[in-house]
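Colleague: I am new to this one. Can you walk me through how to read its features?

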Amino acid sequence: MAIPERIVWAIDHLAVRPGDRLLEIGCGRGVAVAGITPLLIDGHITGLDRSDSAISAAEERNRAAIAAGKAALVQGAFADWKRAGSAFDKVFAINVNLFWLEAMRELAVLKPLLAPGGRLFLFFEPPTAGQVETIRRAVEVRLKAAGYVVEEVMTGPAPSPPLVGIVARPAG
């Protein structure tokens, strides 16, 4: 199965290291998880999604990585998730509209989940190139209001599909 270009682009921008601990919010059917686990040696990725059927499909797709201890999948809403254990080096979401609509609660829950130096990566594939700037501005405003510093904004690949990625870290 071919990996959609937006997911390949996002994984490339995550610059996954072999020991990274990652969290994907809204992992869907586990396509990004499957693309990341081969890059991990002693690292780990957790995928979280609200949908039972998506998590079931993600578990099927990532059965070997789960058995090898490289991946875990969790069904539930991120804002309600109670995470115990070590913090994440990288948290990411691909096309999770919540982050440009209204995510103050989620952004607050996220801060303590990031390891020192940890980063939040938000990727979007707007329906049109004209919406890239609108989404970028909306995400930046929400991140800043929640106490994050935007470190980088990426767009591409040109000309289509229009993609935007935003990298942020907690302020301070």
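**Reading the model**

Modeller: Start with Gly43. Apart from residues within four places in sequence, Gly43 is in contact with Pro18, Gly19, Asp20 and Lys70. Keep in mind that this is a predicted model.

Colleague: Where is Gly43 found?

Modeller: Gly43 sits in the loop between helix 2 (31–36) and strand 2.

Colleague: Is Gly43 buried or exposed?

Modeller: Look at the relative accessible area. Buried means under 20%. Gly43 has 4%, so Gly43 is buried. For a distance, take Asp89, which is 46 residues from Gly43 along the chain. The C-alpha atoms of the two are separated by 10.0 Å.

Colleague: Asp20 was among the contacts of Gly43. Where is Asp20 found?

Modeller: Asp20 is in the loop between helix 1 and strand 1. Its relative accessible area is 1%, so Asp20 counts as buried.

Colleague: Which residues is Asp20 in contact with, leaving aside neighbours within four places in sequence?

Modeller: They are Ala15, Leu40, Gly43, His44, Asp89 and Lys90. With Lys90 there is a polar contact between side chains, at 2.8 Å. The side chain of Asp20 also reaches the backbone nitrogen of Arg17, at 2.9 Å.

Colleague: How should I read a salt bridge?

Modeller: Begin with charge. Side chains of opposite charge can pair when their charged atoms come close. Here Asp20 and Arg17 meet through their side chains in a salt bridge, 3.1 Å from N to O.

Colleague: How many salt bridges does the structure hold?

Modeller: It holds 11. One of them joins the side chains of Glu60 and Arg63, at 2.2 Å from N to O. Another links Arg136 with Glu140, whose closest N and O atoms are 2.3 Å apart. Both Arg136 and Glu140 are buried. Salt bridges with shared partners join Glu133, Arg136, Arg137, Glu140 and Lys144 into one network.

Colleague: How does position along a helix fit in?

Modeller: An α-helix has 3.6 residues a turn, so residues three or four places apart point the same way. Arg136 and Glu140 both lie in helix 7, four residues apart, or about one turn of the helix.

Colleague: What span should helix 7 have?

Modeller: Helix 7 covers residues 132–145, which is 14 residues. At 1.5 Å a residue, it should span 20 Å. Its end C-alpha atoms are 20 Å apart, so the two agree.

Colleague: Which residues of helix 7 are buried?

Modeller: Val132, Ile135, Arg136, Ala138, Val139, Glu140 and Leu143. Just after helix 7 comes Gly147, with a positive phi of about 90°.

Colleague: In what sense do strand 4 and strand 5 pair?

Modeller: Strand 4 (residues 88–94) pairs with strand 5 (residues 114–124) in the parallel sense, over six bridges. Take Ala93: its bridge partner in strand 5 is Leu122.

Methods: Residues are numbered from 1 along each chain as its sequence is written. This is a predicted model: local features need pLDDT of at least 70, side-chain atom pairs count only at pLDDT 80 or more; totals for chains, interfaces and linings use all residues. Side-chain values use heavy atoms; hydrogens and water are left out. Two strands pair if DSSP finds at least two bridges between them. Helices (H or I, at least four residues) and strands (E, at least two) are DSSP runs, numbered from the N terminus. The expected span of a helix is 1.5 Å times one less than its number of residues. Buried means under 20% relative accessible area, exposed over 50%, partly exposed in between (1.4 Å probe, protein chains only). A polar contact is a pair of N or O atoms within 3.5 Å; within protein, one must be able to donate a hydrogen and the other to accept it, and residues adjacent in sequence count only if both atoms are side-chain atoms. Contact means heavy atoms within 4.5 Å. A salt bridge is a side-chain nitrogen of Lys or Arg within 4 Å of a carboxyl oxygen of Asp or Glu.
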